[in-house]
Amino acid sequence: MDKNIRNAGIFGIINLIFVIPIFLIEIARNIFPVTTKLIVISLIINLIYVISYILFIRGFVIIGKKLKISSLVKSSYAFIIISVPLIIFQILNLSVLKIFSLVSSIIMLIVVGIIGIFFGISLLKLKKKFGKIATATGILNIIAGAGLASVVLIVIPILILLPSYILEIMLLFRASRKL
């Protein structure tokens, strides 16, 4: 059993749990005035989220290295690298101009979407080793990435976020036993 990959799966669960408070903060900032308290809470939750996300995605880096799938390693690192500016943007977005926020959000959606498509294609390469779960996870990531990159189909990634995360976590746990 590879403990690093298993731990990545555990961090995936933690990461998934923190999606809920981040979503609630987004709702709160659009309904209520932005306060220092909201910014501090957002900062703490987003820091926990990004750290758990990096440790979660690191599991795919390890799988990619072990199975010599360089596209999985590269797309996983791309997600890790983009996660830091995304969280910074998320935190700063609490108090910036709406037009700047809109343009920045669209650019981020496109970039994350493109990375997601490549990540999904890389996950499909795990089919021989992990079967249908790798295929399903890869396809969901490709669909989500295309939805994000298109911007207008943003509802699709929102709808498949939970199943995609769950499959990714399951894939990590399966990989921790097989590698």
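Visitor: Which helix has the lowest mean pLDDT among the elements of the protein?

Guide: Keep in mind that you're looking at a predicted model. Among the elements, helix α6 (residues 132–150) sits at the top with a mean of 97. At the other end, with a mean of 87, is helix α4 (residues 98–124).

Visitor: Okay, on to packing. Are α1 and α7 roughly parallel or roughly antiparallel to each other?

Guide: Look at helix α1 (residues 3–31) and helix α7 (residues 155–178), whose axes come within 7 Å. These axes cross at roughly 165°. Angles over 145 degrees count as roughly antiparallel. So α1 and α7 are roughly antiparallel.

Visitor: What do the residues of the contact of α1 with α7 divide into?

Guide: On the α1 side you'll find I5, I13 and V19, among others, and they meet a set in α7 including L161, I169 and F173. The α1 side also has R6 and N15, while S176 is one of those in α7. Sorted by kind, the residues of this contact come to 14 nonpolar, 4 polar and 1 charged.

Visitor: How does α1 sit against α2: roughly antiparallel or roughly parallel?

Guide: The axes of α1 and α2 are 7 Å apart, and the two helices pack at an angle of about 150°. The crossing is left-handed, and the contact residues divide into 20 nonpolar, 7 polar and 2 charged. With that angle of about 150°, α1 is therefore roughly antiparallel to α2.

Visitor: Which residue meets D2 in a salt bridge?

Guide: Side chains of opposite charge can pair when their charged atoms come close. The count here comes to 1 salt bridge. D2 lies in the segment before α1 and its partner in helix α2 (residues 36–66), so the pair ties together parts that are 64 residues apart in sequence. With 2.5 Å from N to O, the partner of D2 is K66.

Visitor: What about α2 and α7: oblique or roughly antiparallel?

Guide: Their axes are 10 Å apart, and α2 and α7 pack at an angle of about 50°. Roughly parallel needs an angle under 35 degrees, and roughly perpendicular needs 65 to 115. So α2 and α7 are oblique to each other.

Visitor: How many charged residues are in the contact of α2 with α7?

Guide: In α2, Y49, Y53, F56, G59, F60 and I63 take part. They meet Y165, E168, I169, L171, L172 and A175 in α7. The residues of this contact divide into 10 nonpolar and 1 polar, and the number that are charged is 1.

Definitions and conventions. Residues are numbered from 1 along each chain as its sequence is written. This is a predicted model: local features need pLDDT of at least 70, side-chain atom pairs count only at pLDDT 80 or more; totals for chains, interfaces and linings use all residues. Side-chain values use heavy atoms; hydrogens and water are left out. pLDDT is the predictor's confidence in each residue, from 0 to 100. Helices (H or I, at least four residues) and strands (E, at least two) are DSSP runs, numbered from the N terminus. Axes are lines fitted to C-alpha atoms, for helices over the stretch in contact, and angles run from 0 to 180 degrees between N-to-C directions. Contact means heavy atoms within 4.5 Å. Ala, Val, Leu, Ile, Met, Phe, Trp, Tyr, Cys and Pro count as nonpolar, Asp, Glu, Lys and Arg as charged, and the others, Gly among them, as polar. A salt bridge is a side-chain nitrogen of Lys or Arg within 4 Å of a carboxyl oxygen of Asp or Glu. A crossing is left-handed if the near helix is turned anticlockwise from the far one by less than a right angle, and right-handed if clockwise.
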